[in-house]
Amino acid sequence: MEGVLSILVGIFFAVSIYLMMSRYTIRIMLGIAVLGNAVNLLIFTSGRLMREVPPIIPVGELVPPGPTANPLPQALILTAIVISFSFLAFLLVLAYRAYQELGTDDIVEMRVAEPADEDLPPVSY
Amino acid sequence: MAGNADNAVDFAAGMLVAPTSAVDWLIVAPTLITIIGGASLVMLRYQAKWHGYLTCFFLAMLVVVDAILLARVMEHGPLTMTMGRWMPPFGISLVVDALGALMALISAVVALTVCVYSLADISVTSTRFGFYPSLLWMMTGITGSFLTGDIFNLYVWFEVMLISSFGLLIVDGERVQIDGAVKYAVLNLMATTLFLVTTGYLYGAVGSLNMADIAVRLREMPAGAAPMGTIATLYLLAFSMKAAAFPVNFWLPASYHTPKIAVSAIFAGLLTKVGVYALIRTLVLVMPEGRDLLSDVIAWIAALTMIFGAIGALAQNDVRRSFGFLVVGGIGSSMVGVAVGTEDAITGAILYAVNSILVMTALYLAFGILMRKNGGKYNLADLGGGYKASSWLSILFLALVFAASGLPPFSGFWPKLILVEASLKEGYGWLAFAVLLSGFITTIAMGRIWAHAFWRGGPIGTVDGRDAAPLYTLSSVVRHRVFVPVMALVAMIVYIGVNPSPVFSVSQYGASTLLKPDHYIAAVFGPVAAQRTVMNEDHATAEGQEDAGAAKSRGPNSNRANSNRANSNRANSNREGAH
């Protein structure tokens with residue numbers, strides 16, 4: 001099962017890297033969205049997969065009766081989902097605002113901060 | 001493993017039952033102060049005129065608390081506090097060692113100076129859009145990163161820092177800021193995501209997230225059991241990206257000159273250094289084996305970063321972008337220490353980070369004063385007449401030029417000296433040469449900026465400034481608010497330059513804790529482990545110190561591994577059961 005998920009994680013990463021290499025902000029945003037999911041799946045797989053047994057200790061016991069699923073990755077992923085979701089929301093607004101302000105969604109044409117025709121520094125002194 | 005329903009649950013096996021002592025609350029206080037401060041400012045959002053003063057008050061509290069923390073660490077060794085009273089590898093531990101406390105203190109001091117400067121620099125509009133809460137929350141993230149002992153928690157603090165820095169970067173909503181923010185946001189988000197990926201791998205390989213616990217487990221693992229090369233390389237890439245080291249540095253000069261100068265100053269001072277800190281923390285403390293594997297790679301990255309940063313600074317007409325490249329160059333110098341990896345080298349890296357925090361912030365702020373005086377000009381060709389307008393400013397700036405170039409008697413000199421010496425001792429002659437060469441090029445770049453902006457009478461096209469527009473005089477209120485921070489920072493830089501021993505001893509203690517993490521681990525795992533560590537230390541000294549290299553630190557640690565487990569073994573079996 002881990003093997004299958006590992007391949008899936010690899011596909012997710014490949015897709016997100018392909019998208020992020022685009023010049024257009026909207027594709028980069030899509031790439032980031034896929035990347036977040038790739039990472040979540042990766043953490044989930046890292047915690048090893050156990051299907052049947054939830055990590056619940058029965059009443060009257062101090063330890064679980066046998067091997068259980070690992071609850072920690074799910075806590076990590078929950079944190080990561082919240083964070084990546086909020087970041088994606090921010091980035092989408094930023095990308096839209098950039099499109100409005102700069103009139104382009106092509107990052108190669110975004111040269112306001114680093115003008116292409118900037119003067120060379122003076123050679124005096 | 002039969003449980004007994006009649007007996008009460010033995011909490012002592014899995015939880016810390018002793019109440020947390022009052023002074024230990026200091027460990028969590030820095031993050032609490034800044035979070036509560038930011039939240040209260042949001043509640044007071046219609047009282048924008050109070051924001052600046054309140055923020056300075058909260059940051060002053062932060063300075064005091066961090067100073068007390070540092071004093072306690074120097075006295076008692078690393079301190080720890082575990083959240084939710086869980087036994088250390090399970091609860092999230094905050095661990096303060098000398099490195100973390102020193103960085104937190106310097107960051108707080110720098111943030112306070114920037115806050116005072118902001119009183120003059122930040123408009124009411126920006127305040128209404130949440131400049132000051134973002135500043136406080138960014139300090140939460142930065143301080144949290146320095147004080148945490150849990151690697152996933154470090155990731156969370158990184159994100160806190162990052163989202164707040166986005167707010168600061170675009171708070172004015174200008175076109176140029178939006179442009180810079182797109183690059184800054186995407187690349188930094190990728191870096192932190194990469195950090196998370198690596199943490200996922202590390203968790204999969206080691207089964208723990210507590211840094212002290214990982215350090216112990218990795219040292220007891222047989223060689224080759226965990227894909228150390230992969231994990232260390234990914235951490236190196238992720239943190240190099242955060243720190244803006246050479247091949248992945250292009251987001252920094254693209255964005256750091258776009259916000260208000262106060263924001264540029266605190267970004268340049270603090271954000272990249274958090275990346276360097278995380279690199280030192282993970283590669284030196286947690287996985288020295290990974291650092292040994294990668295030391296040559298890090299050395300090359302460090303050398304290229306230094307040279308590239310200095311040459312980049314030389315090639316810019318926009319002075320603020322020139323400073324951006326200097327920030328990059330400074331990161332290279334700190335990475336030299338990580339590459340060499342001896343105690344001296346790490347000490348040098350920490351000292352350089354401290355120096356770079358102070359100098360880069362002060363440089364941006366000092367240049368901001370000049371920009372206020374000349375009506376916002378920042379191109380080298382348009383500058384001039386700074387000395388005539390304010391001899392004080394030109395002297396302060398010259399001190400910063402010297403400090404950034406690593407010339408005595410300022411704080412930049414000592415870390416470079418230590419780094420060169422440590423590199424030569426370990427046979428990295430070419431790396432020492434790169435440090436000196438980058439210092440030389442930096443001197444030219446910075447000297448040129450000073451000569452153009454201050455020394456000559458006026459901009460290009462005026463004969464010694466005769467036809468140049470006169471520079472503005474600042475009102476006395478503004479003058480105090482902008483000069484006091486710069487003077488305070490320069491005073492610290494001169495003090496460290498003239499009397500480096502206090503900061504040096506703290507850095508050295510920090511470096512020794514990193515290389516021989518017995519005390520760090522003992523602090524996390526409690527007194528039982530501490531006893532064993534004392535035994536191991538005797539053992540370690542008996543073994544002798546033939547080699548000063550990092551390989552040494554692995555020897556004594558491996559025997560300790562089992563004893564550390566003892567107090568949490570029962571609980572551990574749960575987690576292992578999942579595998």
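Modeller: Gladly! Let me begin with chain A, where, of the contacts with a separation of 6 or more, 56% are between residues 24 or more positions apart. Do keep in mind that this is a predicted model. Chain A has 3 helices and 0 strands, giving the pattern α-α-α along its sequence. Its radius of gyration is 23 Å, whereas the globule rule gives 14 Å for 125 residues, so chain A is more spread out than a compact globule. Along the principal axes, its C-alpha atoms fill a box of roughly 80 × 35 × 30 Å. Of the 125 residues in chain A, 28% are buried.

Now to the part you asked for, which is in chain B. A packed pair of helices is described by the angle between the axes and the distance between them. Here the partners are helix H3 of chain B, residues 48-76, and helix H6 of chain B, residues 131-147. Their axes lie 10 Å apart, at an angle of about 15°. Angles under 35 degrees count as roughly parallel, and H3(B) and H6(B) are therefore roughly parallel to each other. The crossing of H3(B) with H6(B) is left-handed.

Which residues make the contact? From H3(B) come His51(B), Gly52(B), Thr55(B), Phe58(B), Leu59(B) and Leu62(B), while H6(B) contributes Tyr132(B), Leu135(B), Leu136(B) and Met139(B). By type, the residues of this contact between H3(B) and H6(B) comprise 7 nonpolar and 3 polar, with no charged ones.

How values were computed. Residues are numbered from 1 along each chain as its sequence is written. Chains are lettered from A and ligands numbered from 1 in the order in which they are written. This is a predicted model: local features need pLDDT of at least 70, side-chain atom pairs count only at pLDDT 80 or more; totals for chains, interfaces and linings use all residues. Helices (H or I, at least four residues) and strands (E, at least two) are DSSP runs, numbered from the N terminus. The radius of gyration is taken over C-alpha atoms; the globule rule is 2.2 Å times the number of residues to the power 0.38. A residue is buried if 20 or more other C-beta atoms lie within 10 Å of its own, exposed if 12 or fewer, and partly exposed in between; C-beta atoms are placed from the backbone. Two residues are in contact if their C-beta atoms, placed from the backbone, lie within 7 Å. Axes are lines fitted to C-alpha atoms, for helices over the stretch in contact, and angles run from 0 to 180 degrees between N-to-C directions. Angles under 35 degrees count as roughly parallel, over 145 as roughly antiparallel, 65 to 115 as roughly perpendicular and the rest as oblique. A crossing is left-handed if the near helix is turned anticlockwise from the far one by less than a right angle, and right-handed if clockwise. Ala, Val, Leu, Ile, Met, Phe, Trp, Tyr, Cys and Pro count as nonpolar, Asp, Glu, Lys and Arg as charged, and the others, Gly among them, as polar.
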